[in-house]
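Me: I have just opened a new structure and would like to learn how to read it. Could you walk me through some features, one at a time?

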Amino acid sequence: MADIIQLLPDHVANQIAAGEVVQRPASVVKELLENAIDAKAETIKLLVKDAGKTLVQVIDDGVGMSVTDARLSFERHATSKIRSAEDLFQLNTKGFRGEALASIAAIAHVELKTKQEQEEVGTTITIEGSEIVNQDVVVTPTGTSIAVKHLFFNIPARRNFLKSNTVETRHIIDEFQRVALAHPSISFVMYHNGSEVFNLPQSNYRQRIVNIFGPKTNEKLVPVNEDTDVLKISGFVGKPEYAKKSRGEQFFFVNNRFIKSAYLNHAITAAFEGLIKDGTHASYFLNLEVNPQTIDINIHPTKTEIKFDDEHTLYAILRASVKHSLGQFNIAPVLDFERDANLDTPYDYSNKSASTPTIEVDRSFNPFDAEKAIAPSRSNMASSSSFSGRKPASTAGWESMYVGMESKGTKSTQDFSEMQFESVESTASLFGENQMTSKQSSYQLQNKYVLSAIKSGMLVIDQHRAHQRILYEDFLKYITGKDTVSQQLLFPLQIQFSKQEHDIILNLKNDLEYAGFVFQNFENQMVEIIGLPINVPESEVSIILEQLISDVEHEVPDANFSAADLLAKSLAKSLAIKPGQSLNQTEQDHLVNSLFACKDPNVSPANKPTFITMTVDELDKKFM
Ligand code: ADP
Ligand code: MG
C-alpha cells in the first residue's frame, strides 16, 4: 500500500495554528502589542479600523529587525526569545512560541516595515495568506510597524463568526488596557477609525490607572505593598465603598503578564469580607512578582491562566496584605475598639443574663493572702495544674469580666482556655502590691489595650492611640524644634508621583526634612529619598507618603491649619502600633512610660481618649 502520511504544506499547518492563536481581532492586538514590548519599545501606537476587522496596526519604536529576521519572523516556531527548553522556566518576554506572526500571516494580509537603529533603511515585507508578495527596502523610522488587514479573508466561516463591532471593540480595548496597565513606563496611544480612544503617557502605576479609568478613580485607590521572599505585591485595591456590581476592574499581573485566577481573586474577596455588600465586587490592580522558576506559563497561548508552585502561600500573603492595607487606611472597621473605649458597660453585670457564671463564692477567701502565698512561684502559676479549689473559682469570676470586655460574639471553648491563662496572670499582677511592681507592671489585653496597675486602681490604655500621641509629639518636636534625626539609606529610594501628588510633597518638603527625610532629587514627578526619620522603616515609606498625600487632600483648610501639625499627625497615624499587635513586657512598659512623659497624654492627636482609669472604689462598687 502506498504511503499515506504526508507533511502538511506550511501554509496549511499555519492556518491550523492560527485557529488557536487568533480567535478574533483582539488576539492580533494582544500578540502585536506584546511583540512591541518584547522589542523594548518606549512608545506604542495601536490603530484599529472597523473593530479590527479591516485593520489592526501596531507601530513601535523598539529594536526593529534585520532583513533576515524580518523574513524569518513569519516562519512557524521562529523566535528570538528562547533557545532551549530551559529558557521556558525563566521567561522574561511575553512571546516564546514563535507562532503568532506565522499564524497571523496565514489568515490575513500583513504589511511589515521594520528598521534597526544602526541601519539607514529598513525592510518592508507584504504577505497574504502565508505567501510573500513583496519584499523591499524602505525608508522608515527605527522600530517596527505591522499592519494586519482583512483578517480571516481566506476563512469566511471564521469571519462570519465574529461578533458585532461593539463586542469586538470591547475585546480589543480589554487587551489594550491589560497590556497598558502592565507597562506604565511605556507610552501607548490607541485610535479607532481615526479618533483617539486612549492617550497614555509614560507614568507611574497610579497615573496609568487614572489615565485609563478616569480622574475620579484616583480617590478610590488604596495602595497595597508587600515584599516577602516568595512574593512581591504592589498596586492598588479599590475602596470598599466603590465596589461594583460588575467585575469590571479586576486585574492581576504576574511578572507583568495579565492573568486570571479564580483562586487569587478569592483571596481578595476574603480580605474584603464584611466590608462590601454581597453581589458587589471590589476592584483591584495588583502586580505580583514571583520567581519565574516557580510558575508555569507554557500553556495555551491565548489562555491567561497560570500555574503556581505554591498557591496556598500566595493566597495567604495576598489576603493578609490587602487586609493590612485596608486597615491602614482606616477602611476596615475597627470592630469593638472604638465602642469599648468606655469600659463601664462590660462591668455592668445587670445587663448580662446568660453569661453570668454560676459559681459558688467563698466569702472567706482572701485573694491577697493567696497571692502572697504563691508569689515566689508566680511564673509557674499559669502552667501549674495542681493548684485547685478556691483559686480557679475566683479565676472564673475574673474570666467572666474579661469575656464581657469582648465583642459580643459567642466564645469558643478554646478561647476560653486562653482567657483562663491570661486571667490568672492578671489576677496576680493586679492584686500584687496595689501598685506597679517590678516583676509585672502592665498587662496586654486582646493585643489592643495595655492594663497597668496604679495606686488608686488601674489604667486601661488604648495602645494604638497612646502610641500615636507619643509619635505625634516626637515628630512635632523634630519638625518645630528642628533638631532632626535621620538614618541614611544605603540606596536612594525613588518614588514616582502624579503631578498633583508631587506638588503636595513639594509643599511639605521643608517640614518633611525637619521630620528627618533627606531628599536628593525632586524632578519629573519623581522623589528621590536618601535619608529617613529614625523610626520610619524603608518598606513603609511609600505607604506613609501616600497616606500623607491623602490626609492633605482631605484636610479642610481652616485658619488653624498647620502643615507641621498635619505632617506629624499623619506620620504618627501611619507608624503607630496597631490594634492586634502583641507587645512584650518591655514594650508595654515603654509605651506606658512614654505616654505619661507626653505633654498631653490624655488624648490622641485626633482628640480621642488614650486611656481610662478604674479606681478601686469604682471596682468595689461593682462588687456591692
Ligand atoms: P514570539 O513573540 O513568540 O517570539 P512571534 O511570531 O510573535 O513569536 O514573533 C517572531 C519573532 O519576530 C520574535 O521572536 C521577534 O524576534 C520578531 N518580532 C516580532 N515582532 C517584533 C517587533 N515588533 N519588533 C522587533 N522584533 C519583532
Ligand atoms: Mg510574539
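Me: How many helices and strands does the protein chain have?

Reply: Helices (H or I, at least four residues) and strands (E, at least two) are DSSP runs, numbered from the N terminus. Here the protein chain has 22 helices and 22 strands. This is a predicted model, where local features need pLDDT of at least 70, side-chain atom pairs count only at pLDDT 80 or more, and totals for chains, interfaces and linings use all residues. Residues are numbered from 1 along each chain as its sequence is written, chains are lettered from A and ligands numbered from 1 in the order in which they are written, and side-chain values use heavy atoms, with hydrogens and water left out.

Me: What share of the protein chain counts as buried?

Reply: Buried means under 20% relative accessible area, exposed over 50%, and partly exposed in between (1.4 Å probe, protein chains only). Of the 624 residues in the protein chain, 47% are buried.

Me: How do I check a helix such as H2?

Reply: Compare its span with the expected one, which is 1.5 Å times one less than its number of residues. H2 (residues 25-38) has 14 residues and reaches 20 Å from first C-alpha to last, close to the 20 Å expected. Since 13 of its 14 residues are buried, H2 is largely enclosed by the rest of the structure. After H2 comes Lys-40, with a positive phi near 65°.

Me: Which helices do the buried residues of H20 pack against?

Reply: Packing is read from contacts, meaning heavy atoms within 4.5 Å. The buried residues of H20 pack against H9 (311-328), H16 (463-481), H18 (509-515) and H19 (541-554). In H20 (residues 563-575), 10 of the 13 residues are buried, so this helix is largely enclosed by the rest of the structure. Among those buried residues are Leu-566, Leu-567 and Leu-571.
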